[in-house]
Amino acid sequence: MKALGARRCTTFLSLPFVLILVGWALPLQEPNPSVRQSPSEVTVPNRPTAPLFKGQQGEQNSEIEFAPSSRTVTLKLRVEDPNGYFLPNIRRENFAVYENGVRQNNVNVEVEHAPVTLALLLEAGGRYHELNKALAMNVSQTGRKALDVIDREDKVAIFKYDANLTPLADFNESHDHLGGIFDDLSVPATSEANLYDALLETLNRMHGVNGRKAIVLISTGVDTFSKASYEEVLRAVRESAIPIYAISLKQSVQLEANLYGPAAPFAHIDWTGAENRLEMLARSSGGRAYQPQTDVEVPAIYDDIMENLRVRYVVTYVSSNPAASGPPRKIRAELIDPQTGQPLKFRDSDGRPITARVYVQESYSPDAA
């Protein structure tokens, strides 16, 4: 039974660090029992020297479930390095969980790769035909690459927006048919690009969807004539608990606009302001914003999205509190050296120390109903 009334916060485990890593995002590595890992120190794979997303990421959600009959508590949480990459190779004995200040015994830990439900929201409108041609090409190329990271257990719906939101595939559509949708995307007719209205409607459609879910928004961030204001949609995404991963098309479309010089009617669009609003929408939802300079960066962006959305440490224990219901209980999760009780040390493959961040909500409410 899912916990009620939970409040979210971030627990930081801070150690001085110098982080120097190379390459794009590497395949996730789970704890390997055949690898001898010191209980007092964890070595993690090389990762990039900077995050793929821009600005700050949104507040990261955790999940807590409580089974009254067995008093079993299940935490699903993320452990990240300073650049937002999942930290693997953390073992059961390294997790210390406290409930109302009491350390819990017999903690079990696994790594979860959860199926996800995605809504791809594609910009498909605007007032200028010449820009729409560049937009159509980039939306098709960027959107299609999302299919490379979709598993059979995942569900995907595809929407496009101009003056209105148009469904192109629902969540029950066969994966085999999704690629054809991008083949059929044509140059949008001259219209509006009502991003805020489209985002609100997509959020409403997602509320009835169960499981791990998110919106992948492929957009310039320009809104031309929405009934909803930016402030209204910002409040809605903060309240939704549905992360938005925004992939900006600003770079490619702005380059196209610059070809026509300062006399063109679209020469004075505030591209940077639109991109900044995309970033704030993503951050406020608990998601991430990406600003690729070329399409070569897009596959790594999707890998980053899926790692952030799918992968959690699943921590379970039987609560020491004998009650099956009652007031909210405070939760704290720490990573420790089991021999000393001191904070667990992390190092990259070159031996340099790095910082771990544990994201877990502050409390949960048991429910015996």
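Author: Quick ground rules: the model is predicted, so local features need pLDDT of at least 70 and side-chain atom pairs count only at pLDDT 80 or more, while totals for chains, interfaces and linings use all residues. Residues are numbered from 1 along each chain as its sequence is written, and side-chain values use heavy atoms, leaving out hydrogens and water.

Reader: What makes α5 roughly antiparallel to α6?

Author: The angle does. The axes of α5 (residues 250–258) and α6 (residues 271–285) cross at roughly 170° and come within 11 Å. Angles over 145 degrees count as roughly antiparallel (under 35 roughly parallel, 65 to 115 roughly perpendicular, the rest oblique), so α5 is roughly antiparallel to α6. The axes here are lines fitted to C-alpha atoms over the stretch in contact, with angles from 0 to 180 degrees between N-to-C directions. As for handedness, α5 passes α6 in a right-handed crossing.

Reader: Which residues in α5 and α6 meet?

Author: Contact means heavy atoms within 4.5 Å. On the α5 side you get Lys-250, Val-253, Gln-254 and Ala-257, and they meet Trp-271, Thr-272 and Glu-275 in α6. By class, that contact has three nonpolar, two polar and two charged residues.

Reader: How do you know that the span of α6 is close to the expected one?

Author: The expected span is 1.5 Å times one less than the number of residues. With 15 residues, α6 has an expected 21 Å, and its first and last C-alpha are 22 Å apart, which is close. Just after α6, Gly-286 takes a positive phi of about 95°.

Reader: Which α6 residues are called buried?

Author: Buried means under 20% relative accessible area (exposed is over 50%, partly exposed in between, with a 1.4 Å probe and protein chains only). In α6, the buried ones include Trp-271, Glu-275, Leu-278 and Leu-281. Across the protein, 50% of the 369 residues count as buried.

Reader: Why is Asn-100 called partly exposed?

Author: Asn-100 has 43% relative accessibility, so it counts as partly exposed. It sits in the loop between β5 (95–99) and β6 (102–103). Most residues other than glycine have a negative phi.

Reader: And what makes Ala-241 partly exposed?

Author: Its relative accessible area of 35%, so Ala-241 is partly exposed. Ala-241 lies in the loop between α4 (230–240) and β12 (244–248), and its phi is positive, about 60°, although it is not a glycine.

Methods. Helix = DSSP H or I, 4+ residues; strand = E, 2+ residues; numbered from the N terminus. Left-handed = near helix turned anticlockwise from the far one by under 90°. Nonpolar A, V, L, I, M, F, W, Y, C, P; charged D, E, K, R; others polar.
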